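Subject: Structure handover

Hello,

Here is the structure I said I would pass on. Please load it before reading the notes below it.

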Amino acid sequence: MRVVLGSDAAGMELKGLVAAHLVELGHEVVDLSPEPAADFVDSATAVAHDLLEHDGSQGFAFDGYGVGSYMAATRVKGMVAANISDERSAYMTREHNNARMVCMGPKVVGPELALRIVDEFLAADYAAGRHQIRVDMLNKMA
């Protein structure tokens, strides 16, 4: 799977850990911020725009808490993103909400939990069906 990553300075270490994990699992990793972005707005919106251009890709944005990246990403029309700090929410936001992007940060999520979040998010498939009406509503917003 093609997985896109972006980070500001506060999230770089966690992004590096996730990138190495993804490569180890055989995913194609696209790192949009090999150097930290000046601001989480820049890194998160870069990931969001890339995902909208590459159907089938998933992404992760990192900043101190993940909240800033989440707020920036959800301002991009058509992007469904989630600020995640547990594995179950990672899985369910993909399965029920068709989220394409998870935002998280090392001041909330430790390294081991971050990797479990990544694994759960990427393991889930969008269920569609009864959830599609919600996703359509989300896609009209922003």
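Predicted model: local features only at pLDDT ≥ 70, side-chain atom pairs only at ≥ 80, totals over all residues.

Helix packing around H5

Two helix pairs involve H5, which spans residues 111–123. In one of them, the partner is H4, residues 87–97. The axes of H4 and H5 come within 8 Å and cross at roughly 25 degrees. Since angles under 35 degrees count as roughly parallel, H4 is therefore roughly parallel to H5. The crossing of H4 past H5 is right-handed. On the H4 side, the contact is made by Glu87, Ala90, Tyr91, Thr93 and Arg94. On the H5 side, the residues are Leu113, Arg116, Ile117, Glu120, Phe121 and Ala123. By class, this contact holds 6 nonpolar, 1 polar and 4 charged residues.

In the other pair, the partner is H1, residues 12–24. H1 and H5 pack at an angle of about 50 degrees, and their axes are 10 Å apart. That angle makes H1 oblique to H5. H1 also passes H5 in a right-handed crossing. From H1, the residues Leu14, Leu17, Val18, His21 and Leu22 take part. They meet Pro111, Ala114, Leu115, Val118, Asp119 and Leu122 of H5. The residues of this contact divide into 9 nonpolar, 1 polar and 1 charged.

Helix H2 covers residues 40–53.

Is Asp50 buried or exposed? Its relative accessible area is 11%, so Asp50 is buried. The side chain of Asp50 is joined to that of Arg2 by a polar contact of 2.7 Å. Apart from neighbours within four places in sequence, Asp50 is in contact with Arg2, Val4 and Leu32.

Ser43 has a relative accessibility of 3% and therefore counts as buried. The side chain of Ser43 reaches the backbone oxygen of Phe40 at 3.2 Å. Not counting residues up to four places away in sequence, Ser43 touches Gly6, Ser7, Asp8 and Ala37.

Residues in loops

Pro34 sits in the loop between strand S2 (28–31) and H2. With 59% relative accessibility, Pro34 counts as exposed. Which residues does Pro34 contact, leaving aside neighbours within four places in sequence? They are Met12 and Lys15. Pro34 and Lys15 are 19 residues apart in sequence, and their C-alpha atoms are 9.7 Å apart in space.

Asn98 is found in the loop between H4 and strand S5 (101–104). The phi angle of Asn98 is near 55 degrees, a positive value in a residue other than glycine.

Ala128 is in the loop between H5 and helix H6 (132–140). Phi of Ala128 is near 55 degrees, again positive in a residue that is not glycine. With a relative accessible area of 26%, Ala128 is partly exposed; the partly exposed class lies between buried, under 20%, and exposed, over 50%.

Regards

Technical notes. Residues numbered from 1 in each chain as written. Heavy atoms only, no water. Axes fitted to C-alpha atoms, helices over the stretch in contact; angles between N-to-C directions. Helix = DSSP H or I, 4+ residues; strand = E, 2+ residues; numbered from the N terminus. Parallel < 35°, antiparallel > 145°, perpendicular 65-115°, else oblique. Left-handed = near helix turned anticlockwise from the far one by under 90°. Contact = heavy atoms within 4.5 Å. Nonpolar A, V, L, I, M, F, W, Y, C, P; charged D, E, K, R; others polar. Buried < 20%, exposed > 50% of the residue type's maximum accessible area, 1.4 Å probe, protein only. Polar contact = N/O pair within 3.5 Å; in protein donor to acceptor, adjacent residues only side chain to side chain.
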